[in-house]
Amino acid sequence: MKFELSDRVKDLPPYLFAQMDQLKQAALQKGVDVIDLGIGDPQDPTPDFIVEALHKASKKTHNHRYPSYVGMLSFREAVAKFYERKDVKLDPQKEVLALIGSKEGIANIPLAFVNPGDVVLVPSPGYPVFSSSTLFSGGRQVTMPLLEKNGFLPDLSKISQDDAHRAKLMFLNYPNNPTSATAPLEFYKEVIEFAKKYNIIVCHDAAYAEIYCDKRPVSFLEVPHAKEVGVEFGSLSKTYNMTGWRLGWVVGNENVVHGLGKIKTNIDSGAFQAIQEAGIAALLSDQKCVEDIRRVYKNKREMAVQLLEEAGFQVTPSEATFYVWFKKPQNFKTSGEFVTHVLDKTGVVITPGNGFGEWGEGYLRISLTAPQERIKEAVTRLATLL
Ligand SMILES: *Cc1c(COP(=O)(O)O)cnc(C)c1O
């Protein structure tokens, strides 16, 4: 028997990385020495002390049972302590919820607050889950273009009165994937004012909050009054090389945190407690391991940017994330055309900007998660194309 997919699934745009993977597999089968700078998934190991903490915690029988859906109180307290370092005060009981990776929370939050037809403000280019979760909730996506001339920040004055009044929720993400831009304090203040005026929930995705070169960028929740209008999603994935572990959090507005919790109680049963204990070890540590991770990305960034610029590529300056965002050469019509050409001629996988939404067209993204020599080799191959 063949069963028809639901309309909501049929309406999904093809998942970018699945398409990229097909092209990559075809090249591998031809015996090409493929270098994948596509997906942002750290290849370095999780720091040892975190793995050790999991090992110990996994032997405790009480951790083998269903976890509480909100997360262990000790984990939520560790998240609150982590935010104390940034002078943000959180009530671990009411303003912190553990997530099975931040993607899980981002995917579920529209279900808690968006009715069919409500507007969700979504940045483009942006993390694809902002759009798909909007679609699943029946919400109407209104795109906020992230333009280079605006520092890849949305121009809130361009959102129509009508859309602003109908908007229930706004997604933001800084340091930004894919553009690698950061947002200044002034921008967040403007967002908070806008959200108050139109009664909009701000959902700030801070997956890259700890991945920066020298100066830590300010984050949404550190801005006065942020908690009145929204929440921040955080994650251990990128900070501690823990993408496979699936542990994150949402913090901020009590009412919003509670709403997401209601959805979660009905869908999942919380993150494995042994993983939460390892997460506590990570969050309460002296963060020295994160300094090491930052230094590695900084070195890779400097090397990649220098080689790309020497080859004639126009690179967006950046101080954060582990992505480099740059313009396609003018003699290629689209980002996609260039990406296919690059894979064909050099065996290097890079990501076309339009895979993150229409406003990403004309750009390319490489990820700095591969080993330094492989990135160097890949960028050197790219340089031969210009
Ligand atoms: C990687 C990533 C996430 C997801 O992180 P998890 O916590 O592993 O689910 C969320 N947002 C952005 C922008 C990301 O790049």
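Let me begin with tyrosine 240, which contacts Thr46, Pro47, Ile50, Phe82, Ala282, Leu283, Gln287, Cys289, Val290 and Ile293, leaving aside residues up to four places away in sequence; contact means heavy atoms within 4.5 Å. The model is predicted, so local features need pLDDT of at least 70 and side-chain atom pairs count only at pLDDT 80 or more, whereas totals for chains, interfaces and linings use all residues. Residues are numbered from 1 along each chain as its sequence is written, and side-chain values use heavy atoms, with hydrogens and water left out.

Tyr240 is, with Phe75 and Leu121, among the residues with the most contacts inside the largest nonpolar core, which has 60 residues. Such a core is a set of buried Ala, Val, Leu, Ile, Met, Phe, Trp, Tyr and Cys residues joined through side-chain atoms within 4.5 Å; buried means under 20% relative accessible area, exposed over 50%, and partly exposed in between, with a 1.4 Å probe and protein chains only. Helix H8 (residues 185–198) gives the most to this core, 7 residues; helices are DSSP runs of H or I, at least four residues, numbered from the N terminus. Because domain 1 (7–44 + 288–384) and domain 2 (48–283) both contribute residues, the core lies between them; the domain bounds come from an automatic or database domain assignment. Another core, of 36 residues, lies apart from it and includes Met303, Val315, Phe332 and Ile366.

I turn now to the cysteines. The whole structure holds 0 disulfides, a disulfide being a pair of cysteine sulfur atoms within 2.5 Å. For cysteine 213, the closest cysteine sulfur, in cysteine 289, is 18 Å away, too far for a bond.

Methods. Helices (H or I, at least four residues) and strands (E, at least two) are DSSP runs, numbered from the N terminus.
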